[in-house]
Amino acid sequence: MRSASFGVPITVLAPAFLASCGGPSYVRDSDKKNIDEYAMSTGLDRRDIDRLYKENIDKLLASAIVAQWKKDAPVVAVFPIANETSEHVDSQLEALLSTIETDLVNSAGAQVVDRDLQKRLIGEVEQQRGGAFDPNNAAQYGKQLGARFFVTGKLNDSAERSGEERRVQYFLFMKVVDVETGAIRWQNKAELTKGLVN
C-alpha cells in the first residue's frame with residue numbers, strides 16, 4: 001500500500017479528503033433524520049411502496065368485504081404481487097406480502113394461511129407442472145390451501161421523457177378474489193408520480 005509522504009496510508013486519507021471537498025458522504029438514518037424523505041431517482045423506494053400500500057390497505061380495511069370477514073372469519077391466502085415494471089423491486093414486494101398478512105390477521109378478522117406453508121403447497125402443485133407460481137392457477141391454489149378468498153395485486157408503471165426531464169407514474173392494484181367463483185369482491189388502485197425536472 002502506498003503511503004503519503006508523512007506515513008499515513010492513502011486509503012485512510014481518501015475518505016476524509018473527499019468529505020472535506022464537499023462531495024457526498026455516507027450517512028445513517030440516525031445521522032440524518034430525514035434521509036428517507038429525499039427522492040434519489042425516479043425509481044421506487046421503500047417510502048413509495050409504503051405509500052402505495054397504505055392507500056390500498058386502508059381502503060381494504062374499510063370495505064364491505066372486510067366487514068363481512070369480521071363476522072365470518074374466513075380463511076384468506078395472500079398471493080404474490082406481480083411486478084409489471086422494469087423496477088427491481090421484487091424483494092420489496094415479497095416483503096410487502098408479510099405486511100399484508102400481518103394487517104389482515106390483526107385488523108381484518110380473517111384467518112390467514114401462513115406464507116411459508118403456502119409456498120410449500122404451491123411449490124408442490126407447480127412442481128408437477130414444472131414451473132413456479134402462475135397467477136392463472138390462483139383459484140386452484142386457494143382451494144388446495146382451504147382458502148375462501150385470496151388477496152393479490154400488480155404493480156405497473158408508465159414512463160415519459162422530454163429532453164432531460166423524465167416522469168414515471170406508478171400504479172399498485174390490489175384485489176380480493178372469491179376462490180369458488182373467481183369473482184373480484186374488492187379492488188383498488190393507488191398511484192404516485194416521480195419525476196426528474198429542471
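**View 1. The side chains of N188 and N56 make a polar contact at 2.9 Å.** A polar contact here is a pair of N or O atoms within 3.5 Å; within protein, one must be able to donate a hydrogen and the other to accept it, and residues adjacent in sequence count only if both atoms are side-chain atoms. This is a predicted model, in which local features need pLDDT of at least 70 and side-chain atom pairs count only at pLDDT 80 or more, while totals for chains, interfaces and linings use all residues. Residues are numbered from 1 along each chain as its sequence is written, and side-chain values use heavy atoms, with hydrogens and water left out. N188 sits in strand 5; helices (H or I, at least four residues) and strands (E, at least two) are DSSP runs, numbered from the N terminus. With a relative accessibility of 13%, N188 counts as buried, where buried means under 20% relative accessible area, exposed over 50%, and partly exposed in between (1.4 Å probe, protein chains only). Setting aside neighbours within four places in sequence, N188 is in contact (heavy atoms within 4.5 Å) with E55, N56, K59, L172, F173 and M174.

View 2. At the start of helix 2, look for D45, with a side-chain oxygen within 3.1 Å of the backbone nitrogen of R47.

**View 3. Helix 4 (residues 90–107) has a buried side and a face turned away from it.** L93, L96, L97, I100, E101 and L104 are the buried residues of helix 4. Seen down the axis of helix 4, these residues fall within an arc of 150°, so they line one face. The face turned away from them carries the exposed residues S91 and N106. From first C-alpha to last, the 18 residues of helix 4 reach 25 Å, close to the expected 26 Å. Just after helix 4 comes G109, with a positive phi of about 75°.

**View 4. W69, I100 and L104 touch the most other members of the largest nonpolar core, which has 32 residues.** A nonpolar core is a set of buried Ala, Val, Leu, Ile, Met, Phe, Trp, Tyr and Cys residues joined through side-chain atoms within 4.5 Å. The elements giving two or more residues to this core are helix 2 (46–61), helix 3 (64–72), strand 1 (75–83), helix 4, strand 3 (149–162), strand 4 (165–178) and strand 5 (184–196). Residues up to four places away in sequence aside, W69 touches P74, V76, L104, A108, G109, A110, F149, V151 and V176. Apart from this core lies another, of 11 residues, among them F79, V113, I122 and Y141.

**View 5. A73 has a positive phi, near 50°, in a residue other than glycine.** For context, most residues other than glycine have a negative phi. A73 lies in the loop between helix 3 and strand 1, and is partly exposed, with a relative accessible area of 28%.

View 6. Leaving out neighbours within four places in sequence, V112 is in contact with V76, V78, E101, L104 and V105. The C-alpha atoms of V112 and T102 are separated by 8.8 Å, with the two residues 10 apart along the chain.

**View 7. V179 is a buried residue in the loop between strand 4 and strand 5.** V179 has a relative accessibility of 2%. Not counting residues up to four places away in sequence, V179 touches A139, G142, K143, A147, R148, F149 and F150. V179 and Y141 are 38 residues apart along the chain, and their C-alpha atoms are separated by 8.8 Å.

Conventions: Expected span 1.5 Å × (residues − 1). Arc of directions from axis to C-beta.
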